[in-house]
Amino acid sequence: QVQLVESGGGLVQAGGSLRLSCVASGNIFSIGAMGWYRQAPGNQRELVARITRGGMANSGSTDYANSVKGRFTISRDNAKNTVYLQMNNSKPEDTAVYYCNADIWRSDGTIGYLEYWGQGTQVTVSS
């Protein structure tokens, strides 16, 4: 069994910062790309940021939604099976439930990467 558990959500004033964390645990052989998505009430779930695994010489390539470029930074610690989202200069429109996503190859004999989601963490930015 594999789990993704997010933490770090909460209430922040506009212009403030939050750091979200997501830890993957369970029967894990390898983790591929990891990312953060968000869903506001009445809206579809959308990509916020994504990061590839990287290798010995690099930390992985990143991709961001245009709305968060220059304000949010995604990073990961492969040794800890953890992905982070540093949210700076937050705006009220960033208010949403933020979900962690990861492509995980299980160590139970299952072949290939499967997609997993966390349960979500609420981020509220007040104006």
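Reader: Hi! Let's start with the cysteines: which ones form a disulfide, and how far apart are their sulfur atoms?

Author: Hi! Cys-22 and Cys-100 form it, with 2.1 Å between their sulfur atoms. Keep in mind that this is a predicted model.

Reader: Thanks. How many disulfides does the structure hold?

Author: The structure holds 1 disulfide.

Reader: Where do the two cysteines lie?

Author: Cys-22 belongs to strand E3 (residues 18-26) and Cys-100 to strand E9, so the pair ties together parts that are 78 residues apart in sequence.

Reader: Are those cysteines buried or exposed?

Author: Both Cys-22 and Cys-100 are buried.

Reader: Which residues other than glycine have a positive phi?

Author: Asn-81 is one of them, with phi at about 50 degrees. Asn-89 is another, with a phi near 50 degrees. As background, most residues other than glycine have a negative phi.

Reader: Where do I find Asn-81, and how accessible is it?

Author: Asn-81 is in the loop between strand E7 (72-77) and strand E8 (82-87). Its relative accessible area is 24%, so Asn-81 is partly exposed.

Reader: And Asn-89?

Author: Asn-89 is in the loop between E8 and strand E9 (96-106). At 42% relative accessibility, Asn-89 counts as partly exposed.

Reader: Changing topic: how many aromatic pairs are there?

Author: The structure holds 3 aromatic pairs. One of them joins Tyr-37 and Trp-117 in an edge-to-face arrangement, 5.0 Å centre to centre and with 65 degrees between the planes.

Reader: Nice. Which strands does that pair connect?

Author: Tyr-37 lies in strand E4 (residues 28-39) and Trp-117 in strand E10 (residues 113-117), so the pair ties together parts that are 80 residues apart in sequence.

Reader: How accessible are those two residues?

Author: Tyr-37 is buried, with a relative accessible area of 16%. Trp-117 has 33%, so this residue is partly exposed.

Reader: Which residues do ring pairs link into a cluster?

Author: Phe-29, Trp-105 and Tyr-113 are linked that way.

Reader: Which arginines lie over ring faces?

Author: Arg-45 lies over the face of Trp-117, at 4.7 Å from the ring centre. Arg-19 lies over the face of Tyr-84, at 4.0 Å from the ring centre.

Reader: What about Arg-38: where is it, and is it buried or exposed?

Author: Arg-38 is in strand E4. Its relative accessibility is 6%, so Arg-38 counts as buried.

Reader: What polar contacts does its side chain make?

Author: The Arg-38 side chain makes a polar contact with the side chain of Tyr-98 at 2.9 Å. Another polar contact goes to the side chain of Ser-67, at 3.3 Å.

Reader: And which residues does Arg-38 touch, beyond its sequence neighbours?

Author: Leaving out residues up to four places away in sequence, Arg-38 touches a list of residues including Gln-44, Glu-46, Phe-72, Glu-93 and Asp-94. Arg-45, mentioned above for Trp-117, is also among the residues that Arg-38 touches.

Reader: Last topic, loops. Where is Thr-52, and what is it in contact with?

Author: Thr-52 is in the loop between strand E5 (46-51) and strand E6 (62-64). At 34% relative accessibility, Thr-52 counts as partly exposed.

Reader: How far apart are the C-alpha atoms of Thr-52 and Thr-62?

Author: They are separated by 6.7 Å, and the two residues are 10 residues apart along the chain.

Reader: And where is Gly-9, and which residues does it touch?

Author: Gly-9 is in the loop between strand E1 (2-7) and strand E2 (10-13). Not counting residues up to four places away in sequence, Gly-9 touches Leu-20, Thr-121, Gln-122 and Val-123. Its relative accessibility is 32%, so Gly-9 counts as partly exposed.

Conventions:
Residues numbered from 1 in each chain as written. Predicted model: local features only at pLDDT ≥ 70, side-chain atom pairs only at ≥ 80, totals over all residues. Heavy atoms only, no water. Helix = DSSP H or I, 4+ residues; strand = E, 2+ residues; numbered from the N terminus. Buried < 20%, exposed > 50% of the residue type's maximum accessible area, 1.4 Å probe, protein only. Contact = heavy atoms within 4.5 Å. Phe/Tyr/Trp six-rings, centres within 6.5 Å; stacked < 30°, edge-to-face > 60°. Lys NZ or Arg CZ within 6 Å of the ring centre and 35° of its normal. Polar contact = N/O pair within 3.5 Å; in protein donor to acceptor, adjacent residues only side chain to side chain. Disulfide = S-S within 2.5 Å.
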